Amino acid sequence: MVQCPDRIIASMDTGVDDALALAYLLGSTDECELGGVIASYGNVDANTAYANTCAVLDLFGRADIPVFLGSEHPSWADAFIPDAGCAQFHGDDGLGNTRLAGSGALADGACVPGDDMSVDVPDEVVSVGGYLAGDVHAHPALGACSRVNRSQSVDHPQSAMPTALASGGKRRCSVDAADGIEYLIEQVREFGRDVTVLATGPLTDVDAAITRAPDIASKLRLVMMGGTLTQPGNCWDAVAETNIIQDPEAANRVFHSGADITMVGLDVTHQCLLPQSAADRWRATGTKRGRFLADLADFSIKANLEADPALFSGGMPLHDPLAAAVALDSSLVDCFDLALRAETNTGDFNGVRGRTTGDPVGLVNHSTPHVHVALGVDSGRFLDEFVEKMAEVCR
């Protein structure tokens, strides 16, 4: 059955495909109301995600949609550094180096793999794109070490004014700097499953909300981009997926929370490739919006082709846009329901940290919460609708 939720709240680590998903939602006003966006760490640091989100909303004439600051680091760490892998696929600014939000948070300062990883945060646990600082796989993005997020715990409201506002942004500080976790809680308590939480980054925001307000779990409808069940991952180990590796502990808690969860992972997003012809069509509109969307697509198409010519010869995978589309129309995907877990350790009898796999407890305890895992997708219908809707929103 097609489900058209009345309201969507998005948690985004706003990079290239998050921005495309955001634009898609803005072009879907007949199907849903975007009630607000929570900007979190992941592809970029949280402040950059905040600035990027505001810039995209402003470009599409929706400065009225509130933006909130969410989690600035994973639940298992005290600080976060964006990694070079995300910069490869999203640019130093997170938006394909379009600089829509300004010069970009990572424009100044240098920190490359092999540099001194001490970031002047003694006795703190630092995540570099999901890996512990000092791990062989921890490669910070250029300039990232000079911008370590030393934030308050997500268990408490964050009151610091984001850098986007401090530098003269268009938005009201009293609204935009409000605590995103509390906003998510309030929305679920008020609307229940008439609001869909769309998470296109790590699940830290959702986990923090459930931890702070356990009563919302049974009322929460979540569509998440992340994980993989039948395909290799896109992290170093070729097992874990990027959004899950950022905070496996949070993901595992969310999977077992009892919320109504649909996982849109690499099993289906790698079947939805945006071709160059779509970017060319958007650019041909001649508008600033069309050029921006085309620039995002061009950047991602090139980056993915260079990374894996065999897999991405047809274009860029529409990870976050597909999750946004599923939040509007669940009939786009076929799901397999199972008890799911995210591995939190690597080693003998532990598995691989960040892997999403069936929870064997669910085989003997049928009351174990189940997740709807998307394994099939009507890619042709989705791609046609996505390209067309984005062409309309360019105008």
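Is Arg99 buried, partly exposed or exposed? Arg99 counts as partly exposed, because its relative accessibility is 31%; for the cut-offs, buried is under 20% relative accessible area, exposed is over 50%, and partly exposed is in between, with a 1.4 Å probe and protein chains only.

Quick housekeeping. This is a predicted model, where local features need pLDDT of at least 70 and side-chain atom pairs count only at pLDDT 80 or more, while totals for chains, interfaces and linings use all residues. Residues are numbered from 1 along each chain as its sequence is written, and side-chain values use heavy atoms, with hydrogens and water left out.

Back to Arg99. You'll find Arg99 in the loop between helix 3 (84-90) and strand 5 (126-128); helices (H or I, at least four residues) and strands (E, at least two) are DSSP runs, numbered from the N terminus. Arg99 isn't a glycine, yet its phi is positive, about 60 degrees. Most residues other than glycine have a negative phi. Phe349 also has a positive phi, near 65 degrees, and at 89% relative accessibility Phe349 counts as exposed.

Now, the inside. The largest nonpolar core has 67 residues, and Trp282 and Leu293 have the most contacts inside it. A core here is a set of buried Ala, Val, Leu, Ile, Met, Phe, Trp, Tyr and Cys residues joined through side-chain atoms within 4.5 Å. Helix 1 gives the largest share of this core, nine residues.

So what does Trp282 touch? Among its partners are Leu20, Leu293, Phe386 and Met390, not counting residues up to four places away in sequence; contact means heavy atoms within 4.5 Å.
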